[in-house]
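Subject: Structure handover

Hello,

Here is the structure I said I would pass on. Please open it and keep it beside this email as you read.

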Amino acid sequence: MTLKQTLEAFEALDSARASGRTVVELLAPYPPASVSVEEVRGGKGKTDFVKIVIAGTQGHLRGGTARTLGIVGKLGGLGARPKRIGLVSDGDGAVAAVAIALKFMVSPVGVEEMNAREVFPEMDAVLSIDTTKGNRILNHRGFAISPTVKEGYILRVADDLVRIMETTTGRPAVTFPITMQDITPYGNNIYHINSILQPSIATDAPVVGVAISAETVVPGSATGASHEIDIAAAVKFAVEVAKEFGRATAEFYDAKEFARLNELYGSMHRLRHRAPLA
(Lines give C-alpha, C1' and ligand atoms only; values in the text may rest on other atoms or scores of the structure.)
Protein backbone atom coordinates (compact mmCIF):
# COMPACT_ATOMS: atom_id res chain seq x y z
CA MET A 1 0.00 0.00 0.00
CA THR A 2 1.52 3.31 -1.07
CA LEU A 3 -1.30 5.78 -0.38
CA LYS A 4 -0.24 6.27 3.26
CA GLN A 5 3.29 7.30 2.26
CA THR A 6 1.97 9.50 -0.54
CA LEU A 7 -0.33 11.34 1.85
CA GLU A 8 2.54 11.85 4.31
CA ALA A 9 4.76 13.32 1.61
CA PHE A 10 1.92 15.39 0.16
CA GLU A 11 1.01 16.87 3.53
CA ALA A 12 4.62 17.74 4.31
CA LEU A 13 5.29 19.43 0.97
CA ASP A 14 1.94 21.21 0.60
CA SER A 15 3.17 24.15 2.63
CA ALA A 16 4.36 27.68 2.01
CA ARG A 17 7.39 26.81 4.14
CA ALA A 18 8.35 23.53 2.45
CA SER A 19 12.06 23.09 1.75
CA GLY A 20 14.75 20.45 1.57
CA ARG A 21 14.87 20.51 5.36
CA THR A 22 11.23 19.39 5.36
CA VAL A 23 12.24 16.16 3.63
CA VAL A 24 15.16 15.64 6.01
CA GLU A 25 12.82 15.93 8.98
CA LEU A 26 10.22 13.67 7.35
CA LEU A 27 12.75 10.88 6.84
CA ALA A 28 14.64 11.39 10.11
CA PRO A 29 12.82 8.50 11.86
CA TYR A 30 14.11 6.10 9.20
CA PRO A 31 17.90 5.59 9.65
CA PRO A 32 18.32 3.43 6.49
CA ALA A 33 17.56 6.53 4.39
CA SER A 34 20.56 8.81 3.97
CA VAL A 35 19.33 12.31 3.08
CA SER A 36 21.39 15.27 1.94
CA VAL A 37 20.31 18.72 0.76
CA GLU A 38 22.15 21.15 -1.51
CA GLU A 39 20.89 24.70 -1.99
CA VAL A 40 21.58 26.06 -5.47
CA ARG A 41 21.05 29.66 -6.50
CA GLY A 42 20.29 30.83 -10.02
CA GLY A 43 19.29 34.00 -11.74
CA LYS A 44 15.64 33.60 -10.70
CA GLY A 45 16.09 32.50 -7.12
CA LYS A 46 17.13 29.36 -5.30
CA THR A 47 16.07 25.76 -4.99
CA ASP A 48 16.94 22.78 -2.81
CA PHE A 49 18.17 19.54 -4.35
CA VAL A 50 17.42 16.59 -2.09
CA LYS A 51 19.31 13.33 -2.51
CA ILE A 52 17.97 10.25 -0.74
CA VAL A 53 20.07 7.08 -0.77
CA ILE A 54 18.64 3.75 0.35
CA ALA A 55 21.41 1.17 0.30
CA GLY A 56 19.14 -1.88 0.39
CA THR A 57 20.18 -5.24 1.74
CA GLN A 58 22.15 -6.40 -1.30
CA GLY A 59 23.05 -3.09 -2.93
CA HIS A 60 26.47 -1.94 -4.12
CA LEU A 61 26.91 0.26 -1.05
CA ARG A 62 26.69 -2.85 1.12
CA GLY A 63 29.05 -4.85 -1.08
CA GLY A 64 26.21 -6.69 -2.80
CA THR A 65 25.37 -7.21 -6.46
CA ALA A 66 21.83 -5.80 -6.70
CA ARG A 67 21.54 -3.10 -9.37
CA THR A 68 20.85 0.51 -8.45
CA LEU A 69 17.68 2.19 -9.71
CA GLY A 70 17.67 5.98 -9.79
CA ILE A 71 14.30 7.66 -9.25
CA VAL A 72 14.22 11.31 -10.23
CA GLY A 73 11.31 13.47 -9.11
CA LYS A 74 11.31 16.01 -11.95
CA LEU A 75 9.45 19.24 -11.39
CA GLY A 76 9.19 22.87 -12.29
CA GLY A 77 8.90 23.69 -8.59
CA LEU A 78 6.96 22.87 -5.46
CA GLY A 79 5.38 26.28 -5.27
CA ALA A 80 4.84 29.55 -7.11
CA ARG A 81 5.63 31.77 -4.15
CA PRO A 82 4.64 34.40 -3.25
CA LYS A 83 1.82 34.56 -5.79
CA ARG A 84 0.37 31.15 -4.94
CA ILE A 85 0.22 29.32 -1.64
CA GLY A 86 0.70 25.57 -1.40
CA LEU A 87 1.84 22.77 -3.67
CA VAL A 88 1.49 23.40 -7.40
CA SER A 89 0.72 20.82 -10.06
CA ASP A 90 4.36 20.66 -11.14
CA GLY A 91 5.31 19.25 -7.73
CA ASP A 92 3.79 15.79 -8.25
CA GLY A 93 7.13 14.25 -9.21
CA ALA A 94 8.76 15.44 -6.00
CA VAL A 95 5.88 14.10 -3.89
CA ALA A 96 6.19 10.74 -5.63
CA ALA A 97 9.96 10.52 -5.12
CA VAL A 98 9.70 11.33 -1.41
CA ALA A 99 6.82 8.87 -0.99
CA ILE A 100 8.90 6.15 -2.63
CA ALA A 101 11.70 6.80 -0.13
CA LEU A 102 9.16 6.56 2.71
CA LYS A 103 7.81 3.30 1.29
CA PHE A 104 11.22 1.55 1.44
CA MET A 105 11.35 2.33 4.94
CA VAL A 106 9.66 27.69 -13.89
CA SER A 107 12.71 26.44 -12.21
CA PRO A 108 15.19 28.90 -10.68
CA VAL A 109 18.20 26.93 -12.00
CA GLY A 110 19.07 25.46 -15.39
CA VAL A 111 18.57 21.90 -16.59
CA GLU A 112 22.30 21.21 -16.70
CA GLU A 113 22.58 22.07 -13.01
CA MET A 114 19.53 19.95 -12.26
CA ASN A 115 20.88 16.93 -14.11
CA ALA A 116 24.19 17.23 -12.29
CA ARG A 117 22.33 16.89 -8.98
CA GLU A 118 19.67 14.37 -10.03
CA VAL A 119 21.57 11.79 -12.09
CA PHE A 120 24.54 9.94 -10.63
CA PRO A 121 27.05 7.44 -12.05
CA GLU A 122 25.89 4.66 -9.74
CA MET A 123 22.42 4.61 -11.32
CA ASP A 124 22.05 1.55 -13.57
CA ALA A 125 18.64 2.75 -14.81
CA VAL A 126 16.45 5.78 -14.18
CA LEU A 127 12.75 6.39 -13.71
CA SER A 128 12.01 10.09 -14.24
CA ILE A 129 8.70 11.03 -12.60
CA ASP A 130 7.18 14.32 -13.72
CA THR A 131 3.83 16.05 -13.90
CA THR A 132 2.88 15.99 -17.59
CA LYS A 133 -0.45 17.83 -17.71
CA GLY A 134 0.29 20.96 -19.75
CA ASN A 135 -0.25 19.36 -23.16
CA ARG A 136 -2.94 17.91 -25.43
CA ILE A 137 -1.00 14.78 -26.35
CA LEU A 138 -1.47 12.75 -23.18
CA ASN A 139 -5.18 12.84 -22.31
CA HIS A 140 -5.29 10.28 -19.52
CA ARG A 141 -5.99 10.60 -15.82
CA GLY A 142 -3.38 8.71 -13.83
CA PHE A 143 0.11 8.01 -15.08
CA ALA A 144 1.75 6.78 -18.26
CA ILE A 145 5.21 5.54 -19.20
CA SER A 146 7.46 6.52 -22.09
CA PRO A 147 9.58 4.42 -24.40
CA THR A 148 13.04 3.76 -23.03
CA VAL A 149 15.70 6.33 -23.98
CA LYS A 150 19.35 5.30 -24.03
CA GLU A 151 22.32 7.24 -25.37
CA GLY A 152 20.27 9.25 -27.85
CA TYR A 153 18.15 6.35 -29.06
CA ILE A 154 14.41 6.15 -28.45
CA LEU A 155 13.85 2.43 -27.97
CA ARG A 156 10.63 0.46 -27.77
CA VAL A 157 8.51 0.51 -24.64
CA ALA A 158 9.95 -2.03 -22.21
CA ASP A 159 7.79 -5.15 -21.97
CA ASP A 160 8.71 -5.69 -18.33
CA LEU A 161 7.59 -2.19 -17.37
CA VAL A 162 4.30 -2.67 -19.23
CA ARG A 163 3.79 -5.87 -17.27
CA ILE A 164 4.54 -4.20 -13.94
CA MET A 165 2.27 -1.26 -14.78
CA GLU A 166 -0.64 -3.54 -15.61
CA THR A 167 -0.04 -5.57 -12.44
CA THR A 168 0.10 -2.57 -10.09
CA THR A 169 -2.82 -0.65 -11.63
CA GLY A 170 -5.07 -3.54 -12.62
CA ARG A 171 -5.68 -1.76 -15.92
CA PRO A 172 -4.21 -1.85 -19.43
CA ALA A 173 -0.87 -0.07 -19.64
CA VAL A 174 -0.86 3.52 -20.88
CA THR A 175 2.14 4.89 -22.75
CA PHE A 176 2.87 8.30 -24.23
CA PRO A 177 4.77 9.32 -27.36
CA ILE A 178 8.05 11.17 -27.26
CA THR A 179 10.06 12.68 -30.08
CA MET A 180 13.69 13.29 -30.89
CA GLN A 181 13.15 16.86 -29.71
CA ASP A 182 12.23 15.64 -26.22
CA ILE A 183 15.62 13.98 -25.69
CA THR A 184 17.66 17.02 -26.70
CA PRO A 185 18.80 19.54 -24.06
CA TYR A 186 16.55 22.34 -22.94
CA GLY A 187 17.57 25.78 -24.16
CA ASN A 188 18.06 24.83 -27.81
CA ASN A 189 14.85 26.58 -28.92
CA ILE A 190 13.23 23.27 -29.89
CA TYR A 191 9.86 21.98 -28.64
CA HIS A 192 9.86 19.60 -25.66
CA ILE A 193 6.75 18.04 -24.15
CA ASN A 194 8.37 18.93 -20.79
CA SER A 195 11.57 18.10 -18.92
CA ILE A 196 10.67 14.49 -18.17
CA LEU A 197 13.37 12.98 -20.41
CA GLN A 198 16.11 15.48 -19.60
CA PRO A 199 17.93 12.97 -17.35
CA SER A 200 18.69 10.99 -20.51
CA ILE A 201 21.18 13.62 -21.68
CA ALA A 202 23.25 13.17 -18.52
CA THR A 203 23.66 9.39 -18.38
CA ASP A 204 24.31 6.32 -20.52
CA ALA A 205 21.87 4.36 -18.36
CA PRO A 206 18.41 3.66 -19.79
CA VAL A 207 15.80 6.27 -18.81
CA VAL A 208 12.01 5.90 -18.73
CA GLY A 209 9.61 8.76 -18.09
CA VAL A 210 6.74 8.22 -15.68
CA ALA A 211 4.23 10.96 -16.50
CA ILE A 212 1.57 11.85 -13.94
CA SER A 213 -1.19 13.05 -16.20
CA ALA A 214 -4.70 14.48 -16.54
CA GLU A 215 -7.47 14.39 -19.12
CA THR A 216 -7.43 18.17 -19.45
CA VAL A 217 -4.65 20.72 -19.86
CA VAL A 218 -3.51 21.84 -16.40
CA PRO A 219 -0.94 24.62 -15.92
CA GLY A 220 2.11 23.62 -13.93
CA SER A 221 1.58 26.56 -11.59
CA ALA A 222 -2.01 25.56 -10.68
CA THR A 223 -2.72 24.75 -7.05
CA GLY A 224 -5.31 22.18 -6.01
CA ALA A 225 -4.55 20.21 -9.18
CA SER A 226 -2.60 17.31 -7.69
CA HIS A 227 -4.42 14.02 -7.10
CA GLU A 228 -3.10 11.84 -4.33
CA ILE A 229 -4.48 8.61 -5.80
CA ASP A 230 -2.71 9.20 -9.13
CA ILE A 231 0.58 9.96 -7.41
CA ALA A 232 0.21 6.87 -5.23
CA ALA A 233 -0.33 4.71 -8.34
CA ALA A 234 2.93 6.02 -9.82
CA VAL A 235 4.68 5.40 -6.50
CA LYS A 236 3.45 1.80 -6.35
CA PHE A 237 4.67 1.22 -9.91
CA ALA A 238 8.12 2.68 -9.17
CA VAL A 239 8.52 0.64 -5.99
CA GLU A 240 7.75 -2.59 -7.83
CA VAL A 241 10.11 -1.64 -10.67
CA ALA A 242 12.85 -0.98 -8.11
CA LYS A 243 12.34 -4.40 -6.53
CA GLU A 244 12.36 -6.28 -9.82
CA PHE A 245 15.19 -4.29 -11.36
CA GLY A 246 17.34 -4.89 -8.29
CA ARG A 247 16.90 -8.65 -8.51
CA ALA A 248 17.26 -8.62 -12.32
CA THR A 249 13.77 -9.86 -13.15
CA ALA A 250 12.88 -6.71 -15.12
CA GLU A 251 14.85 -4.91 -17.83
CA PHE A 252 14.49 -1.44 -19.33
CA TYR A 253 15.74 -2.43 -22.78
CA ASP A 254 17.05 -5.30 -24.92
CA ALA A 255 20.86 -5.09 -24.75
CA LYS A 256 21.40 -7.17 -27.89
CA GLU A 257 18.96 -5.09 -29.91
CA PHE A 258 20.63 -1.89 -28.71
CA ALA A 259 24.04 -3.20 -29.69
CA ARG A 260 22.69 -4.04 -33.15
CA LEU A 261 21.29 -0.50 -33.56
CA ASN A 262 24.70 0.96 -32.79
CA GLU A 263 26.35 -1.48 -35.18
CA LEU A 264 24.01 -0.52 -38.00
CA TYR A 265 23.58 3.21 -37.43
CA GLY A 266 26.29 4.36 -35.06
CA SER A 267 26.18 6.47 -31.92
CA MET A 268 23.43 9.01 -31.24
CA HIS A 269 25.37 10.79 -28.49
CA ARG A 270 25.31 13.98 -30.56
CA LEU A 271 21.64 14.48 -29.63
CA ARG A 272 22.70 15.05 -26.04
CA HIS A 273 24.51 18.29 -26.89
CA ARG A 274 22.79 21.63 -27.21
CA ALA A 275 24.82 22.65 -30.27
CA PRO A 276 26.04 20.48 -33.18
CA LEU A 277 29.36 18.78 -32.58
CA ALA A 278 32.22 19.94 -34.78
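Does Ala248 count as buried, partly exposed or exposed? Ala248 counts as partly exposed, because its relative accessibility is 49%. Keep in mind throughout that this is a predicted model. Ala248 sits in the loop between α6 and α7, the latter covering 255-265. Its backbone is worth a look as well. The phi of Ala248 is positive, near 65°, and the residue is not a glycine.

Glu151 has a positive phi too, about 55°, and is likewise not a glycine. You will find Glu151 in the loop that joins β6 (149-150) to β7 (153-154). Glu151 has 15% relative accessibility, so it counts as buried. The cut-off for buried is under 20%.

Now the overall picture.

The protein chain holds 7 helices and 8 strands. Its C-alpha atoms fill a box of roughly 55 × 45 × 35 Å along the principal axes. The radius of gyration is 18 Å. A compact globule of 278 residues would have one near 19 Å, so the chain agrees with that expectation. Of the 278 residues, 48% count as buried.

Next, the start of the chain.

Helix α1 spans residues 3-13, and helix α2 spans residues 20-27. Their axes come within 10 Å and cross at roughly 145°. The crossing of these two helices, α1 and α2, is right-handed. On the α1 side, the contact uses Glu8, Ala9, Ala12 and Leu13. On the α2 side, it uses Thr22, Val23 and Leu26. Sorted by type, the residues of this α1 and α2 contact are 5 nonpolar, 1 polar and 1 charged.

Helix α2 is mostly covered, with 6 of its 8 residues buried. Those buried residues are Gly20, Thr22, Val23, Val24, Leu26 and Leu27. What do the buried residues of α2 pack against? They pack against α1, β1 (33-42), β2 (45-54) and α3 (92-104).

Look also at the loop between α1 and α2, where Ala18 lies. Ala18 counts as buried, because its relative accessibility is 8%. Ala18 and Leu78 are 60 residues apart in sequence. In space, their C-alpha atoms are 8.1 Å apart.

Helix α5 covers residues 159-169, and helix α6 covers residues 228-246. Their axes come within 9 Å and cross at roughly 130°. At that angle, α5 counts as oblique to α6, because it falls in neither the roughly perpendicular range, 65 to 115, nor the roughly antiparallel one, over 145. The crossing of α5 and α6 is right-handed. From α5, the contact takes in Leu161, Arg163, Ile164, Met165 and Thr168. From α6, it takes in Lys236, Phe237, Glu240, Val241 and Glu244.

Over to you.

Best wishes

How values were computed. Residues are numbered from 1 along each chain as its sequence is written. This is a predicted model: local features need pLDDT of at least 70, side-chain atom pairs count only at pLDDT 80 or more; totals for chains, interfaces and linings use all residues. Side-chain values use heavy atoms; hydrogens and water are left out. Axes are lines fitted to C-alpha atoms, for helices over the stretch in contact, and angles run from 0 to 180 degrees between N-to-C directions. Helices (H or I, at least four residues) and strands (E, at least two) are DSSP runs, numbered from the N terminus. Angles under 35 degrees count as roughly parallel, over 145 as roughly antiparallel, 65 to 115 as roughly perpendicular and the rest as oblique. A crossing is left-handed if the near helix is turned anticlockwise from the far one by less than a right angle, and right-handed if clockwise. Contact means heavy atoms within 4.5 Å. The radius of gyration is taken over C-alpha atoms; the globule rule is 2.2 Å times the number of residues to the power 0.38. Buried means under 20% relative accessible area, exposed over 50%, partly exposed in between (1.4 Å probe, protein chains only). Ala, Val, Leu, Ile, Met, Phe, Trp, Tyr, Cys and Pro count as nonpolar, Asp, Glu, Lys and Arg as charged, and the others, Gly among them, as polar.
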